[in-house]
Amino acid sequence: MVFNERYWARIDRWKNITLEEFISHQWQATLEKFLGEVVPETFLSSKNSRLAHITTKAEFIQDAVKGRKGAPMNVTITPHILSLIDWSNPVDDPIRRQFIPSESGTLTDHPKLAFDSLHEEVDSPVSGLVHRYPGRALFLATSICPVYCRFCTRAWAVGGDTETVSKKPKKPILRRWEQMFSYIENNKELHDIVVSGGDCYYLEADQIAFIGKRLLEIPHIQRIRFASKGLAVSPGRITDASDPWTKQLIALSQAGRRIGKQVCLHTHFNHPKEITWITKQAADFLFSAGVIVRNQSVLLRGVNDNIETMTELISKLASINIQPYYVYQGDMVHGVEDLRTPLRTILDLEKHIRGNISGFMMPSFVVDLPGGGGKRLASTYDSYNETTGVSTWTAPGLPGDKGKRVYTYYDPRPLND
Ligand code: SF4
């Protein structure tokens, strides 16, 4: 990480873009416009035989546009993220793989995949409030994000409709939120609320303040987590003194501390390249203001599924005082089979990385059980047949029928490349 490096200037068209313009979170656009600006006329051929034929700008854009037609998520991306892609080899780039689809890279879905594999809708007593565990609930405040991740577990709700998915949006409107607050107020066993979406970065500052204050006023709510990928994909907003979003987050964190309640930020980095000097400045700013930041990564094939990359990611997060909290097995959702890994991968990563990282910075490697069984440590499966790729789990701590069920995770079909 080189302090003050203008890393975006590696893209020819952005040579004269100033730091102020670059870090503005408003400077973003959709697929064709940015690809037209950033993709070089020719580049290296992929190591993957299915993608090796894509070596020119025209082929790349055509393949991405066709890939988007079948994808469950739209493509929206920030300049920060686009500037981190290695455009001399974009097809194999781990950041490109997360955000820009490729028709040639798409694999047929496993028959057991689902749009809402975690059964969040079924577990929502009120629209937008997922209540699965005894003490905690998920408050889906909005369904808009600063970027759209191809592998989003909430593809059934997040972002605009695509050619293959009609979404069930969770709009940021008071009438809907009031029903969710009312449920939380009436359920005194709830102590923890995750405010997510979509992404809290796309709530207005006064909306974040309103939600935070309402929750802090509820006597039985002890902890609030705001979930946002913003720090990872548009860190400049955190360091922009004129932007009120961070001020409100810090004010809530401090207001919580004064009354013995925790208000944190949960963010989402998947690759060490995503951490730049601007990210460090933003993380340092939050740390100095006393905001606790934790990270939740998703394990993705061709992105972070090897020991070196995952170790570097965890170490870099720790070095900027972001707690590496979870590494998730990829969820069994439609349209991203090329990104899922077998259970064996997460088991091996955990085994090799433990011991190289201080224990308190070691994330939990987990599987969010399909069917709503919640997160379990990957190593606590009840059975795993690596030949069939089927693993089973139980979650005896959950109440009622959920605590008695057997949950099944299916590995992706084996690949040779
Ligand atoms: S930022 Fe989070 S909610 Fe938004 S698309 Fe990515 S994974 Fe989904």
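Trainee: Strand E13 (residues 390–393) and E14 pair up, so to speak, but over how many bridges?

Mentor: Keep in mind that this is a predicted model. Look at tryptophan 393 to get started: its bridge partner in E14 is tyrosine 407. E13 and E14 run in the antiparallel sense, and the number of bridges in their pairing is four.

Trainee: Which strands are at the edges of that sheet?

Mentor: Three strands form this open sheet, in the order E12-E13-E14, with antiparallel pairing. An edge strand pairs on one side only, and that gives strand E12 (383–385) and strand E14 (407–410).

Trainee: By how many degrees are neighbouring strands of this sheet turned against each other on average?

Mentor: Direction is ignored here, and the value is an average over neighbouring strands. For this sheet, that comes to 15 degrees.

Trainee: Which residue in the hairpin of E12 and E13 takes a positive phi?

Mentor: E12 and E13 run antiparallel and are joined by three bridges, with asparagine 385 standing opposite valine 390 in E13. The hairpin has four residues between the strands. The positive phi, near 75 degrees, belongs to glycine 389.

Trainee: What about the hairpin of E10 and E11: which residue in the turn has a positive phi?

Mentor: Strand E10 (residues 364–369) pairs with E11 in the antiparallel sense over four bridges, and aspartate 368 has lysine 375 as its bridge partner in E11. Four residues lie between E10 and E11. In the turn, a positive phi of about 95 degrees is found at glycine 371.

Trainee: Which residue other than glycine has a positive phi near 55 degrees?

Mentor: Most residues other than glycine have a negative phi. The place to look is the loop between helix H5 (94–99) and strand E3 (129–130). The residue there with the positive value is histidine 119.

Trainee: Which strands are at the edges of the open sheet of nine strands?

Mentor: Follow the order E3-E4-E5-E6-E7-E8-E9-E10-E11, where the pairing is mixed. Inside it, E5 and E6 run parallel and are joined by four bridges, and valine 195 has phenylalanine 226 as its bridge partner in E6. The strands that pair on one side only are E3 and E11.

Trainee: How much space lies in the largest pocket?

Mentor: Its lining has 23 nonpolar, 13 polar and 12 charged residues. Several strands each supply at least two of the lining residues, among them strand E4 (136–140), strand E7 (262–267) and strand E9 (323–328). The space in the largest pocket is about 1,100 Å³.

Trainee: Of the 48 residues that line the largest pocket, which are the closest to its centre?

Mentor: Strand E5 (192–196) and strand E8 (292–298) are also among the suppliers of the lining. The lining residues closest to the centre are Thr153, Arg154, Ser196, Gln296 and Tyr328.

Trainee: How do the residues of the shell around the ligand divide by class?

Mentor: The ligand sits in the largest pocket. Around the ligand are Met73, Cys145, Val147, Tyr148, Cys149, Cys152, Gly198, Lys229 and His268. By class, they divide into six nonpolar, two polar and one charged.

Trainee: Which residue does a cis peptide bond join to glycine 197?

Mentor: Most peptide bonds are trans. This one has an omega of about 20 degrees.

Technical notes
Residues are numbered from 1 along each chain as its sequence is written. This is a predicted model: local features need pLDDT of at least 70, side-chain atom pairs count only at pLDDT 80 or more; totals for chains, interfaces and linings use all residues. Side-chain values use heavy atoms; hydrogens and water are left out. A residue is near a molecule or strand if one of its heavy atoms lies within 4 Å of it. On a 1 Å grid over the protein atoms alone, a cavity is a set of points where a 1.4 Å probe fits but cannot get out, and a pocket is an open set with protein on both sides within 12 Å along at least five of seven lines; lining residues have an atom within 4 Å of a point. A molecule sits in a cavity or pocket if more than half of its atoms lie within 2 Å of its grid points. Ala, Val, Leu, Ile, Met, Phe, Trp, Tyr, Cys and Pro count as nonpolar, Asp, Glu, Lys and Arg as charged, and the others, Gly among them, as polar. Two strands pair if DSSP finds at least two bridges between them. Axes are lines fitted to C-alpha atoms, for helices over the stretch in contact, and angles run from 0 to 180 degrees between N-to-C directions. Grid points are joined across faces, edges and corners, and a volume is the space filled by probe spheres set on the points.
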